[in-house]
Amino acid sequence: MALLSFFGITKGQIRVYDKSGNPKTFQKEETEITFLKTEIAYPNEGLESGLLGTIAPGIIPLLPSLVDIGFNLTTSLLEKEAKKYSGSYFKHKSYLEASSKCVPKVTFSRDLDNEKSFGLVLIPHKVPSVEAYVFYIDSLNLQYSKSKIQRDAKFLDYTIEIKITEIKEGKKEVIELAPVIITSVGFGVNKFKVKKHRTEMIPLTPNSAFAEISINIVESNPYKVKAEDILKTWNENKDSFKTIVNNILPSQKAETSSTPSQNDPNGDESN
């Protein structure tokens with residue numbers, strides 16, 4: 001069981017909710033990340049091909065048990081009262097075509113008993129006149145949610161955390177990005193405006209290569225846990241080990257009524 005869980009496959013009773021808010025049970029879960037080459041590439045500065053080097057002996061591969069340390073701020077929302085109203089999806093994967101030195105398109109998927117449950121597509125975009133790029137959320141496919149939903153308000157918020165690992169001269173460097181949040185997401189295929197929901201800029205460091213990516217997605221019911229509060233607490237506590245539960249849940253629990261936010265905190269940043 002532990003080995004299956006490590007590779008994103010678990011067996012047992014997996015409880016989710018459909019678009020009508022009805023619970024449904026599955027036996028097997030599989031999460032996956034796939035890559036597709038793009039034209040965005042890291043620049044070379046006088047190095048011949050093949051000089052990316054091998055991983056230095058002292059560098060430990062970034063297994064999920066190490067990578068998810070920085071994700072604890074958001075996933076701690078799954079504790080106690082918020083557990084029924086939020087859920088998380090996590091996957092870490094290496095890019096075996098790193099020698100191409102391109103930044104790939106990334107697709108995150110979750111299947112339940114070979115049935116599509118959740119999907120997220122990240123597309124890289126080169127920033128004009130700057131050696132940098134961003135990932136933007138192209139689409140989000142929601143068929144079954146981990147979070148319990150209200151039957152009369154079937155919308156969820158998503159907090160998306162991304163960590164990228166680069167290799168340069170045989171050494172690894174991890175780039176941790178601020179979360180991207182998307183509010184009021186409905187069931188089905190949600191297609192977003194190009195570059196609207198995007199990461200901060202990621203440098204295209206010369207003579208480097210895209211090697212690995214870790215994606216942690218927190219799904220939350222905005223009636224119980226708002227994505228804006230997750231982001232606020234992440235910013236305030238990202239350098240500490242304070243738990244979000246102590247910061248958010250008391251105030252959320254005290255509210256007698258609440259409605260999902262209709263405002264997108266990322267805004268329309270198409271410029």
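Tutor: Rings of Phe, Tyr and Trp count as a pair if their centres lie within 6.5 Å. The model is a predicted one. With that cut-off, Phe35, Tyr95, Tyr133, Phe135 and Phe210 form one aromatic cluster. A search of the whole structure gives nine aromatic pairs.

One of the pairs is Phe26 with Tyr144, with ring centres 5.2 Å apart and planes at 65°, so this contact is edge-to-face; planes over 60 degrees apart fall in that class. Phe26 belongs to strand S2 (residues 23-36), whereas Tyr144 is in the loop between strand S6 (132-142) and strand S7 (156-168), so the contact ties together parts that are 118 residues apart in sequence. Phe26 has a relative accessible area of 4% and is therefore buried, given that buried means under 20%. Tyr144, at 9% relative accessibility, also counts as buried.

Phe108 and Phe118 make an aromatic pair that is edge-to-face too, at 6.3 Å centre to centre and with 80° between the planes. Phe108 lies in strand S4 (residues 105-112) and Phe118 in strand S5 (residues 115-126), ten residues apart. Phe108 counts as buried because its relative accessibility is 1%, and Phe118 is buried with a relative accessible area of 3%.

There is also a contact between a charge and a ring: Lys146 lies over the face of Tyr89, at 5.0 Å from the ring centre.

Definitions and conventions. Residues numbered from 1 in each chain as written. Predicted model: local features only at pLDDT ≥ 70, side-chain atom pairs only at ≥ 80, totals over all residues. Heavy atoms only, no water. Phe/Tyr/Trp six-rings, centres within 6.5 Å; stacked < 30°, edge-to-face > 60°. Helix = DSSP H or I, 4+ residues; strand = E, 2+ residues; numbered from the N terminus. Buried < 20%, exposed > 50% of the residue type's maximum accessible area, 1.4 Å probe, protein only. Lys NZ or Arg CZ within 6 Å of the ring centre and 35° of its normal.
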